[in-house]
Amino acid sequence: MIAEKLSKTIRDVPDFPKPGIMFKDITPVLAHPELSLEVSKAFYDYWSPKGVEAVVGIESRGFIYGLQLAQQLGVPFIPVRKAGKLPFTTVKHSYDLEYGSAEIEIHTDAVSEGQKVLIHDDLLATGGTAKAACELIEKIGGEVVGYSFLVELAFLKGAEKLEGKDVHSLVSF
Ligand code: AMP
């Protein structure tokens with residue numbers, strides 16, 4: 001099972017980037033091409049029947065499998081980035097993180113009115129980042145149809161913040 005393989009491969013790094021945070025490091029997954037391919041396939045298998053019209057990836061680890069998934073689905077990939085990184089006109093949203101706070105942006109022309117968008121990131125913790133990405137997409141006229149993660153930290157109950165939308169993760173801790 002992919003969940004079992006992932007839970008054995010993802011590395012726990014204690015006290016990063018702050019004391020008390022157990023960081024889930026996915027770089028050992030990226031270093032295993034066969035497992036990494038399985039991850040891409042699992043995302044594709046889950047989302048291919050769901051009518052996704054664009055994939056939004058959240059900087060920066062959301063770009064890794066997010067772009068692959070968009071390419072496999074044959075839909076546009078859209079980056080959401082930390083404030084000040086995107087060159088064209090943007091909209092911005094501020095939110096709280098498991099550690100600290102942040103501001104993210106999206107290009108104003110990134111989606112068309114009513115376009116069905118999937119949000120992808122490496123990890124769901126409190127759900128603040130994914131929720132902020134949803135606010136951005138809705139501000140520019142898109143419709144969020146679901147959320148995709150490699151890892152969910154279920155004890156933080158982030159999925160509750162994502163209000164009845166389709167929330168999918170490959171492994172839960
Ligand atoms: P949140 O907004 O609390 O759901 O946090 C999710 C974002 O922060 C994602 O972009 C993750 O990459 C990162 N993140 C939060 N907590 C962790 C953690 N324990 N290990 C790895 N990444 C994390």
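S148 is buried, with a relative accessible area of 0%. That is a handy place to start in this predicted model. S148 sits in strand β8, which covers residues 143-152. Leaving aside residues up to four places away in sequence, S148 touches F43, W47, L118, I119, H120, D121 and H168. Why does S148 count as buried? Its relative accessible area is 0%, and buried means under 20%, so S148 falls in that class.

How do two packed helices get described? By the angle between their axes and the distance between the axes.

| Helix pair | Axes come within | Crossing angle, roughly |
|---|---|---|
| α3 and α4 | 10 Å | 50 degrees |
| α1 and α3 | 11 Å | 135 degrees |

Take α3 and α4 (residues 62-73) to begin with. Their axes cross at roughly 50 degrees, and the two helices are therefore oblique to each other. α3 passes α4 in a right-handed crossing.

Now for α1 and α3. With a crossing angle of roughly 135 degrees, α1 and α3 are oblique to each other too. The crossing of this pair is left-handed. I2, K5, L6 and T9 of α1 meet L35, E38, V39 and A42 of α3.

Which residues of helix α1 (residues 2-9) are buried? I2, L6 and T9 are. They cover an arc of only 70 degrees around the axis, which puts them on the same side of α1. What covers these buried residues includes β1 (11-14), α2 (27-30), α3 (33-47) and β9 (166-172).

Over at helix α5 (residues 128-139), have a look at K139. K139 is partly exposed, with a relative accessible area of 49%. Apart from residues up to four places away in sequence, K139 touches K92 and H93. K92 and K139 are 47 residues apart along the chain, and their C-alpha atoms are separated by 9.5 Å. How far is the backbone oxygen of K92 from a polar atom of the side chain of K139? The two atoms lie 2.9 Å apart.

Finally, the backbone has a few spots to check in the viewer. A cis peptide bond joins F16 and P17, with omega at about -5 degrees. P17 lies in the loop between β1 and β2 (22-25). Another cis bond runs from E59 to S60, and its omega is near -15 degrees. S60 belongs to the loop between β3 (54-58) and α4.

Then there are positive phi values in residues other than glycine. K157 has phi near 55 degrees and is placed in the loop between β8 and α6 (158-161). K157 is exposed, with a relative accessible area of 52%. For E163, phi is near 45 degrees. E163 lies in the loop between α6 and β9, and E163 is exposed as well, with a relative accessible area of 56%.

Key. Residues are numbered from 1 along each chain as its sequence is written. This is a predicted model: local features need pLDDT of at least 70, side-chain atom pairs count only at pLDDT 80 or more; totals for chains, interfaces and linings use all residues. Side-chain values use heavy atoms; hydrogens and water are left out. Helices (H or I, at least four residues) and strands (E, at least two) are DSSP runs, numbered from the N terminus. Buried means under 20% relative accessible area, exposed over 50%, partly exposed in between (1.4 Å probe, protein chains only). Contact means heavy atoms within 4.5 Å. A polar contact is a pair of N or O atoms within 3.5 Å; within protein, one must be able to donate a hydrogen and the other to accept it, and residues adjacent in sequence count only if both atoms are side-chain atoms. The arc is that of the directions from the helix axis to the C-beta atoms. Axes are lines fitted to C-alpha atoms, for helices over the stretch in contact, and angles run from 0 to 180 degrees between N-to-C directions. Angles under 35 degrees count as roughly parallel, over 145 as roughly antiparallel, 65 to 115 as roughly perpendicular and the rest as oblique. A crossing is left-handed if the near helix is turned anticlockwise from the far one by less than a right angle, and right-handed if clockwise.
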